[in-house]
Number of protein chains: 2
Amino acid sequence: MTALEKTGEFNLIHRFQRIIPRGTYPPIIASIGDDAAVYEPTLGLSHVITTDAFIEGHHFDFRFYTMKDVGYKAMAVNLSDIASMNARPMLATVALGIPGSVSLESLELLYEGLVEVASTYGVQIVGGDTTRAPVLTLSITVVGEASKAAIVYRNGAKLGEKICVTGVVGEAAMGLDILQHDVDPSSIGHEVFQHLTSRHLRPVPRFDFVKELNKAGVQPSSMIDISDGLSSELHHICNASQCGAVLWESYIPIPDDCATQIKSPRLPIDYGLNGGDDYELLFTASSEVLERISSDLYTEIGEVAQHDILIRRVDGTLESLKAEGHDHFR
Amino acid sequence: MTALEKTGEFNLIHRFQRIIPRGTYPPIIASIGDDAAVYEPTLGLSHVITTDAFIEGHHFDFRFYTMKDVGYKAMAVNLSDIASMNARPMLATVALGIPGSVSLESLELLYEGLVEVASTYGVQIVGGDTTRAPVLTLSITVVGEASKAAIVYRNGAKLGEKICVTGVVGEAAMGLDILQHDVDPSSIGHEVFQHLTSRHLRPVPRFDFVKELNKAGVQPSSMIDISDGLSSELHHICNASQCGAVLWESYIPIPDDCATQIKSPRLPIDYGLNGGDDYELLFTASSEVLERISSDLYTEIGEVAQHDILIRRVDGTLESLKAEGHDHFR
């Protein structure tokens with residue numbers, strides 16, 4: 001184990017540079033090693049930019065996460081914000097705050113996690129900052145691009161459109177409960193254990209869905225990624241679009257019920273509505289748009305309405321849907 | 001004092017939005033309130049991007065800094081990296097990690113500090129992230145633009161060119177010593193006290209010098225901002241440019257000697273060579289380039305040489321110049 005005091009800041013930056021592959025797109029004129037990175041915008045495209053912090057003890061816990069998981073997830077959740085704008089990610093900067101106990105070798109693992117995700121989606125890590133911090137702190141900024149007309153915001157949902165979601169919602173929160181309650185893998189089956197925990201530790205930004213949209217040449221009217229829970233994200237879309245919504249409980253793609261085995265008091269539908277960290281995409285679209293994209297990639301779960309945000313329960317009753325997803329301060 | 005638990009994350013973001021003025025350039029299509037901000041690159045210009053973290057206990061200390069100072073300096077040091085590329089800053093994102101003890105009102109002061117600097121230099125704060133953290137943690141990313149030909153890197157220094165620096169170097173480190181040693185302002189004079197401490201707390205990114213360069217239509221061959229100390233930054237330029245240097249000690253613009261009053265064992269020249277946080281610009285240029293810009297804005301302090309990095313002391317002796325500026329890990 002090599003202490004960072006022995007390595008020094010500049011050697012550390014050189015070690016990172018060796019791990020980070022040089023990409024070819026966008027044209028990078030200067031990368032790590034100058035005061036700023038320099039790149040060439042592609043003619044005619046708009047840029048999108050997003051920043052998310054990922055902080056030890058708040059977003060992740062070394063009881064469950066390897067260093068590589070930390071790097072992986074920090075990059076994946078940032079890229080997910082670019083996916084939710086229907087854009088293509090280009091480059092990232094990484095500001096790293098490092099406690100004294102962290103070795104050079106474990107930081108290299110962290111970088112391998114970052115690079116694994118970045119490479120998968122064609123993102124170049126072009127710069128950043130390394131400094132001391134009381135807990136491991138990552139702050140990643142990603143810049144992406146898209147044609148102005150293709151970018152999808154939160155505020156375009158229109159009355160009568162369908163509300164849809166990619167994948168299954170609630171599995172990541174269930175995976176976290178499994179880790180936190182120290183569930184024995186054999187009690188729920190190794191495959192289920194592996195699937196649910198990796199949904200929490202290694203979320204997949206849904207660029208496969210973004211590609212499908214681009215291939216079909218259509219856009220949702222609004223879109224958001226589910227980081228804080230379906231109910232909260234739906235409220236964001238409805239607030240921004242000044243509309244209401246009705247969800248059909250029975251249509252929501254939720255995890256299979258292994259809550260009893262994991263001794264959780266939560267029902268699968270509660271995980272699905274209020275569990276965060278799935279990074280699936282929640283979107284609204286007209287039937288005409290939906291006809292153009294593969295129905296394997298999404299599920300219709302409701303409809304845009306005039307005012308209230310409601311859920312029709314399995315028993316037919318109509319209830320107000322509260323935003324009960326994660327709030328970082330409550 | 002309003003606790004953040006009472007406010008909630010989304011109200012907090014709304015409060016910030018009220019403090020942040022909307023600018024007009026570059027064209028911002030979407031700002032805070034979506035998954036990412038969207039902007040239009042200006043035709044024909046290259047982009048520069050830089051990220052710096054600013055962490056309580058490491059970069060700043062609430063014994064000396066007000067919340068407004070923290071916001072001010074975090075933004076100023078990031079913009080300085082854009083100045084050192086000879087570029088124009090456009091927009092910034094701010095990732096904020098907030099300990100439980102911080103009130104809503106003090107966060108608004110922090111934002112006022114951020115906005116004060118951003119507005120001065122025409123920078124729009126377009127997005128970010130707020131989350132919990134054990135200590136106050138800011139990570140700011142700034143995107144700027146410039147014509148490809150105008151951008152100045154670290155690696156262009158050429159044999160025989162002059163080495164120059166803007167302003168006075170070492171005052172910020174002296175200011176920090178004054179704060180840390182609890183020096184009585186009357187012992188060094190209130191004006192000197194005020195000047196030196198504000199050099200530490202409120203550094204000024206040297207866009208006045210960048211403007212002068214643009215007005216004259218010339219560029220330095222290499223440039224860097226002095227965050228870690230003149231000696232270290234000169235080593236960066238020489239390493240990147242594969243050259244040496246000779247500094248003339250007697251020419252270096254150092255602070256007046258009040259080290260005895262502040263009971264510091266350091267000489268003014270030591271502050272000048274190895275004190276960080278000045279955010280002055282160190283650059284190399286030919287005599288022809290220097291003739292075109294106002295000599296009020298810079299001082300010639302040496303010459304680019306073949307191999308070694310040397311300093312000619314006041315007594316005429318030639319010594320090797322060590323990089324003794326700040327290293328975040330040593």
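How many salt bridges are there between chain B and chain A? The count is four. Keep in mind as you look around that this is a predicted model.

**Where the chains meet**
- On chain B, 68 residues are in contact with 68 residues of chain A.
- About 5400 Å² of area is buried between the two chains, and carbon and sulfur atoms give 58% of it.
- For one salt bridge to find on screen, look at the side chains of R154(B) and D35(A), with 2.8 Å from N to O.
- Between chain B and chain A there are also 24 residue pairs in polar contact, counting pairs with both residues at pLDDT 80 or more.
- Strand β3 (residues 46–55) of chain B gives the most to the side of chain B that touches chain A, with nine residues.
- That side of chain B is made up of 30 nonpolar, 22 polar and 16 charged residues.

**A sheet built from both chains**
- Strands of a sheet pair through backbone hydrogen bonds, either parallel or antiparallel.
- Here, six strands form an open sheet with mixed pairing, in the order β1(A)-β2(A)-β3(B)-β6(B)-β4(B)-β5(B).
- The edge strands are β1 (28–30) of chain A and β5 (124–132) of chain B, each pairing on one side only.
- Strand β2 (residues 37–39) of chain A runs antiparallel to β3(B), joined by three bridges; A37(A) stands opposite I49(B).
- Two bridges join β1(A) to β2(A), also antiparallel, and A30(A) has V38(A) as its bridge partner.

**Helices on the sheet**
- Helix α3 (residues 67–83) of chain B packs on the sheet, and its direction makes about 145° with that of β3(B).
- Helix α4 (residues 104–120) of chain B packs on the sheet too, touching β4, β5 and β6 of chain B.

How values were computed:
Residues are numbered from 1 along each chain as its sequence is written. Chains are lettered from A and ligands numbered from 1 in the order in which they are written. This is a predicted model: local features need pLDDT of at least 70, side-chain atom pairs count only at pLDDT 80 or more; totals for chains, interfaces and linings use all residues. Side-chain values use heavy atoms; hydrogens and water are left out. Contact means heavy atoms within 4.5 Å. Buried area is the accessible area (1.4 Å probe) that two parts lose on being put together, summed over both. A polar contact is a pair of N or O atoms within 3.5 Å; within protein, one must be able to donate a hydrogen and the other to accept it, and residues adjacent in sequence count only if both atoms are side-chain atoms. Helices (H or I, at least four residues) and strands (E, at least two) are DSSP runs, numbered from the N terminus. Ala, Val, Leu, Ile, Met, Phe, Trp, Tyr, Cys and Pro count as nonpolar, Asp, Glu, Lys and Arg as charged, and the others, Gly among them, as polar. Two strands pair if DSSP finds at least two bridges between them. Axes are lines fitted to C-alpha atoms, for helices over the stretch in contact, and angles run from 0 to 180 degrees between N-to-C directions.
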